[in-house]
Amino acid sequence: MSDDAFRGVFVTGTDTGVGKTVVSAALVAALRGHHRVRYWKPIQTGIEHDNDTETVRVLGACVPADIYDAGVRLLQPVSPHLAARAAGQAIDLDDLVTLASAQPPGEFWVVEGAGGALVPVNGRDLMIDLIARLGVPAVVVARSSLGTINHTLLTLDALRRRSVGIAGVVMVGEPNGDNRESIERYGDVRVIGELPLLRPLTPESLHRATESWTLASLEPGSSSPQPPAPSPEPRPSSLASRDAAVVWHPYTQMLTRPAPLPIVRGEGVYLYTDDGRRLLDGTSSWWVNIHGHSHPVLNAALAEQAARFEHVVFANCTHEPAVALAERLLALAPRGLSRVFYSDNGSTAVEVAMKMALQYWANRGATRRTFITLHHAYHGDTVGAMSASELSLFTRPFAPLLFDVARAHAPYCYRCPVGLTRDRCHVECALAGPSGPAPLRADETLEALLERHAGDTVAVLIEPMLQGAGGMIVWPREYLAHVRALCDRYDTLMIADEVLTGFGRTGRMFACEHAAVSPDILCLSKALTAGYLPLGATLATDAIYEAFLSADRGRTFFHGHSFPANPLACAVALASLDLLRDTAALDRVAGIERQLADGLTPLLSLPTVGDVRVIGGVGIVELVADKETKAAGGYLDDIGPRLSAEFIRRGLLLRPLGNVIYIMPPFVITDDELQWTIAQVRDVVSALTPS
Ligand SMILES: *Cc1c(COP(=O)(O)O)cnc(C)c1O
């Protein structure tokens, strides 16, 4: 939220009953200058016994128009989340933020919280989340008596972790110079006032008591509260121009790119820019996010591990997060996998798998050279993973460096490689001999290639069920079953690259489950850490692991990076697995799948939509220039960036892959948010006309 929309301070306390209301009244009265000062209590509990609004009206000598009454009013004198639950209500921070932002600019607000900064307001958010969302600095009201140093420093620390500015502390009760000095020193904060017990408590006695307060930093119009609040976020123009001067972005033509989006905050499915825009993260930040942004549970897991230790060499040390994560992954993964090798990201997880497979054969005395991969594959950007990927514009500059692989047909049913249609085929694209109508190009089927390279195939490397970057191609599960059976028949290894599909994205924990198959090697990354930190994991069977056990040092798997099994990443991964279980995330993905199918399938009637595909939490719309020929050229050339710009204008972050638009939201997206997202895609696609 920008400063002009809503300005003021948020009065919070180190505890409930510390005197926030009297301090708020004092602030309203003292700050009333030539700017209009208004008071708001967004959440009032215990309305029968307490009426803070009335107290402020009397003590602050307010006229009714100075008091803003809207918000949540609850009967029970308990924590907001309990009071709301008792009243059958749910407190929605969005509603409160909307109320605030609807106020005319130019006013200065004294907003009073309920309880302390870390009281829950609903099943997900704390009061501190509301403070952060309103974007105003906090005044912390503390007791002056014993125990206050601890409570106050904890509150200040929590506020700073959320990047809330701190305008100062007010100490209530018998003045205590030692405590005041300690709070200022250790809390790096200014005590802007002290408020002794007043008898009688009247507007006049309150006015006298607050005459000595140093409120200059709070005055409407004063730019920065004292001491300066942390995280002064750069203004939009300055961040974009600083970026333009020093940063080189991935997959980006820096000469012609549009200005990057300056993101300052994330929460749930939303990202916020520093110029106040809100964007729904429709592709999970390049497919990594599953539980939403800045999730309190994951934040806590990360902070806890950071407070213990952040990293240690993993060649000859071990630690609880790495061991516990390996145990959990193996318990969840398809049967037969029994070892976890950690690396840094998706590409390295694949690179490790390929090297592991190659050396597996070498350690057994066999020389094998050929990897079989699929057309439309994407396995990463390091040289090995890139060699395994489909040749494309993206790999062309590196062609001299790439090694040869054998590329088999992918089961891309909308553009069937052997000229069949799904309703009448038996996945002939996998098999060597024709069954039924004679398939075209039968010599490029997986079985044909396995036959040709019999005895020389290191492994068959695939993205099970959903080929991602190569065009969001959804498989019939029969193809996946064939891959496993064929690898067995031709005595080679099956490597499943589940960097994208792992952790529920296709509706199962792992995509291999769709055909109940177990690979020999499984590659994981992306959602492994719920989008928090880079981490790769390559899982292998006993048979593979044992081929490396030897008195001969030459059989060791000589591969490693600086950051394998990073403890921070492992700790977040463990917390993410807990969340997947505790939030019944796979049920949620099933709901997303139904809604995507219902919402996107009708688009097939549009002249520009060739295919609609849905699997789990991914909905895909393939645009064509001509439905008859399925030609993707013409007006579709370069359509991705144009669509992307239009979606961003509408508040939706999508990055179409050329002519393929897809929605892949974090699992925490609500039905309404998903409905809105689908509507944006429908509206934008409906406006396209084939030329
Ligand atoms: C993204 C991706 C990779 C590469 O992962 P990075 O972390 O980007 O290196 C590998 N395989 C698949 C299937 C992917 O989607």
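These legends walk through some close-up views of a predicted model.

Local features here need pLDDT of at least 70, side-chain atom pairs count only at pLDDT 80 or more, and totals for chains, interfaces and linings use all residues. Residues are numbered from 1 along each chain as its sequence is written, and side-chain values use heavy atoms, leaving out hydrogens and water.

**View A. The largest nonpolar core has 82 residues.** A nonpolar core is a set of buried Ala, Val, Leu, Ile, Met, Phe, Trp, Tyr and Cys residues joined through side-chain atoms within 4.5 Å; buried means under 20% relative accessible area, with a 1.4 Å probe and protein chains only. Leu 325, Tyr 342 and Phe 503 have the most contacts inside this core. Domain 2 (238-291 + 585-686) and domain 3 (335-565) both contribute residues, so the core lies between them; the bounds come from an automatic or database domain assignment.

**View B. Here are the aromatic neighbours Tyr 360 and Trp 361.** Rings of Phe, Tyr and Trp (its six-membered ring) pair if their centres lie within 6.5 Å; planes under 30 degrees apart count as stacked, over 60 as edge-to-face and the rest as tilted. With centres 4.9 Å apart and planes at 70°, this pair is edge-to-face. Tyr 360 and Trp 361 are both buried.

**View C. Arg 278 meets the ring of Tyr 270.** The charged end of Arg 278 sits over that ring, 3.8 Å from its centre. For this, NZ of Lys or CZ of Arg must be within 6 Å of the ring centre and within 35 degrees of the ring normal. Arg 339 lies over the face of Tyr 545, at 3.9 Å from the ring centre.

Key. Buried means under 20% relative accessible area, exposed over 50%, partly exposed in between (1.4 Å probe, protein chains only).
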